[in-house]
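Hello,

Here is the structure we talked about. Please open it first, then read my notes below.

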Amino acid sequence: MLAFRRVFFCIGLSYASNLGRLSGALVRRQAMKIPTMIRKNWISLSAIGGLCAVPFSQKQDNLSHEALVRRASSLVTDSTNTFLSQTTLALVDSFTQYVKTIHTLVTLHKNYVASGSKLTPSEEDSVWQVIVRQRQEVSDLREDCKRFESNWMMAINLSKLAAETAYNAGADQASVTAQTSLQVAQSHVNQIRQLFMEAEKNLKESKAEDSQRIKLPAAMEEEDIPEAYLRED
């Protein structure tokens, strides 16, 4: 009986030892795979003292690194073309609205100056309030134009960089498309910018944005006063 127990103990010890070696080998094998998995799926970047991980696609067997770079550069030009298109549309629309608003203000102010002395106090006040609101709209639209122009300039610079990158990567078609989009966007903006500058010039010459309110003659101001209050006792 004692001999049987010794045999059983030896068998169990041998099994445990083999299991331990097997587990250790599996752990070492998994540990050796970790750097390879990281290299395949992640790039660790150090930025401002911190670490961040940026995922990227694993290289396909039938595509070279050069082909993948060309494809990526084409995707970049597609994104920058979209950004440029949207910012150009926003800038052109804001410039157009600004020019229209300035034209309305200049015309309204011109009529106000020409016929202001012929208006009753209530009419003059109504017209002046419209001018004040129009001035505020011009000011607001001017700020919109500055903001959209800043976005547009950023899109222009990004598109130039994307076109150059695509050319260097061998994505000639993507580079040509980006350059064409740049030329079209700049052409549209240059056309509306000319109208913008002319509107700014007319606004400055008309003084419609900073002129003072017309002072009506005292006799006209008294027209709305009831006669009973003007009679002498």
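The buried residues of α4 are A174, S175, A178, L182, A185, V189, I192, F196, A199 and L203. Keep in mind that this is a predicted model. What covers those buried residues? The cover includes α2 (65-115) and α3.

How long should α4 be? At 1.5 Å a residue, its 35 residues should span 51 Å. The end C-alpha atoms of α4 are 51 Å apart, so the two values agree.

**The whole chain**

Now step back. The protein chain has five helices and two strands. Along the sequence they follow the pattern α-β-β-α-α-α-α. The chain has 233 residues, and 23% of them count as buried. It exposes about 16,900 Å². Carbon and sulfur atoms supply 59% of that area.

Look at the contacts too. Take those between residues at least 6 apart in sequence. Of these, 75% join residues at least 24 apart.

**The nonpolar core**

The largest nonpolar core has 25 residues. Which of them touch the most other members? They are L84, Y98, I102, W152 and L203. The elements that give two or more residues to this core are α2, α3 and α4. The largest share, nine residues, comes from α2.

W152 deserves a click. Leave aside its neighbours within four places in sequence. W152 is then in contact with L84, T87, T88, L91, A185, Q186, V189 and R193. Two residues on that list, A185 and V189, are also among the buried residues of α4.

**Salt bridges**

The count comes to seven salt bridges.

Start with D125 and R213. Their side chains meet in a salt bridge, at 2.9 Å from N to O. This pair links distant parts of the chain, 88 residues apart. D125 is in helix α3 (residues 121-169), while R213 is in the loop between α4 (172-206) and α5 (218-221). Are these two residues buried or partly exposed? D125 has 31% relative accessibility, so it counts as partly exposed. R213 is partly exposed as well, with a relative accessible area of 34%.

Next, find E209 and R142. Their side chains form a salt bridge at 3.2 Å, N to O. Here too the pair links distant parts of the chain, 67 residues apart. E209 sits in the loop between α4 and α5, and R142 in helix α3. E209 has 30% relative accessibility and counts as partly exposed. R142 has 18%, so it counts as buried, because buried means under 20%.

Last, go to R193 and E149. The closest N and O atoms of this salt bridge are 2.6 Å apart. R193 lies in helix α4 and E149 in helix α3, so the pair ties together parts 44 residues apart in sequence. R193 is partly exposed, with a relative accessible area of 22%. E149 is partly exposed too, at 24%. Some salt bridges also share partners: these join E124, D125 and R213 into one network.

Best wishes

Note on methods:
Residues numbered from 1 in each chain as written. Predicted model: local features only at pLDDT ≥ 70, side-chain atom pairs only at ≥ 80, totals over all residues. Heavy atoms only, no water. Salt bridge = Lys/Arg side-chain N within 4 Å of Asp/Glu carboxyl O. Helix = DSSP H or I, 4+ residues; strand = E, 2+ residues; numbered from the N terminus. Buried < 20%, exposed > 50% of the residue type's maximum accessible area, 1.4 Å probe, protein only. Contact = heavy atoms within 4.5 Å. Areas by Shrake-Rupley, 256 points an atom, 1.4 Å probe, with all protein chains shown as cover. Expected span 1.5 Å × (residues − 1). Core = buried A, V, L, I, M, F, W, Y, C linked by side-chain atoms within 4.5 Å.
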